[in-house]
Amino acid sequence: MKTKRTKIEIIRDILSAINIQNGRIKPTHLLYKANLSHNKLKEYTETLKNKDLIKYTKEKNRTYIEITRKGREFLAEYRKIMHFTDSLGF
Amino acid sequence: MFGFSPSPQWFYGVDSAFEIVTTIVCISIALFSYKIYRFTEARNYKLLTYAFIAISFSYLIKAVTNLKVFAETIQLDNIVTVETYTKLISIYQLGHISYRLLYIMGLILLLILALNITCKRTMSIIAILSAIAIIFSYNYQPMFHIVSAIFLFYIFTHFHQNAKKKKTRTSKLIAISFLLQFISQIFFIFKDPLYYVGGELILFTGYIILSYYIILVSK
């Protein structure tokens, strides 16, 4: 049985999903790529926006979610972060 | 140091040097944890940051207090006035009360994480009882180390179980480090110079392992 994703794993999944799409994704695409409910995704994207890990952009009346430089930094640091969290077990 | 420190004379200053290194190790862990907290806003990393900040400051205060008292002591002649003695003992006691409170606060935060305590009333009762035990106890010094040993034992069991589950080198290192910290507190309970030196060496080894751990995870 697959275990429930931790908060940090969900953040990694969201940012990876955006990064794979050349750093920009439509919110509806992100919804199924990140495998989250609408409410949960909204909650996470708000947090990530406030933390400057993502930003919203508009083009031709369409809203996109873009990964920021800080978001890319997080993905680069993710391995270290997971190493740290795994060894602590919190 | 007029007998209010269990440290033997030849060890004065060495323990403070250990504590300064320990402060640096704890600050490194707090900074790493804060970095994760900035990204995730997860409660665990906020608590971990606070825990290691409290522990690092506790060691810094202990080191500075001991060095201050030691420096003043070596400047004195053989005759010590009551005024000087009172001043030195006040500095020592103030520094050590701050050290004990900050250290226990750090351990309580680690215990909250290790036992996954979410009930605020449980947290507050642990904090209140610990503060009462280490401040108002007639024999506060052994009491402080007994309370620390109990907390460290439970923290160690969490890391031990995690190491058994994860089987990684870093998880084993952190478990060994906390086991050594627990053993060192047992040594400190006996107010004996040799046990004190033994405890300090074991504790320092524990923090050296912790520093190796943080080097491994941040590579």
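The model is predicted, so local features need pLDDT of at least 70, side-chain atom pairs count only at pLDDT 80 or more, and totals for chains, interfaces and linings use all residues. Residues are numbered from 1 along each chain as its sequence is written, and side-chain values use heavy atoms, without hydrogens and water.

In the interface, 28 residues of chain B are in contact (heavy atoms within 4.5 Å) with 20 residues of chain A. The buried area is about 2,200 Å², taken as the accessible area (1.4 Å probe) lost on being put together, summed over both parts. Carbon and sulfur atoms give 64% of this area. B:Phe39, B:Thr40 and B:Tyr45 supply 27% of the area that chain B buries against chain A, more than any other three residues.

Three salt bridges link chain B and chain A; each pairs a side-chain nitrogen of Lys or Arg with a carboxyl oxygen of Asp or Glu within 4 Å. In one of them, B:Glu41 pairs with A:Lys51, and the closest N and O atoms are 3.5 Å apart. Helix H1 (14-40) of chain B gives the most to the side that touches chain A, with eight residues.

The largest nonpolar core holds 86 residues. Such a core is a set of buried Ala, Val, Leu, Ile, Met, Phe, Trp, Tyr and Cys residues joined through side-chain atoms within 4.5 Å, where buried means under 20% relative accessible area (1.4 Å probe, protein chains only). A:Ile14, A:Phe74, A:Phe84 and B:Phe178 touch the most other members. Helix H7 (residues 193-218) of chain B gives the most to this core, with 12 residues. Beyond four places in sequence, the contacts of B:Phe178 include B:Phe52, B:Leu110 and B:Leu210.

How values were computed
Chains are lettered from A and ligands numbered from 1 in the order in which they are written. Buried means under 20% relative accessible area, exposed over 50%, partly exposed in between (1.4 Å probe, protein chains only). Helices (H or I, at least four residues) and strands (E, at least two) are DSSP runs, numbered from the N terminus. Buried area is the accessible area (1.4 Å probe) that two parts lose on being put together, summed over both.
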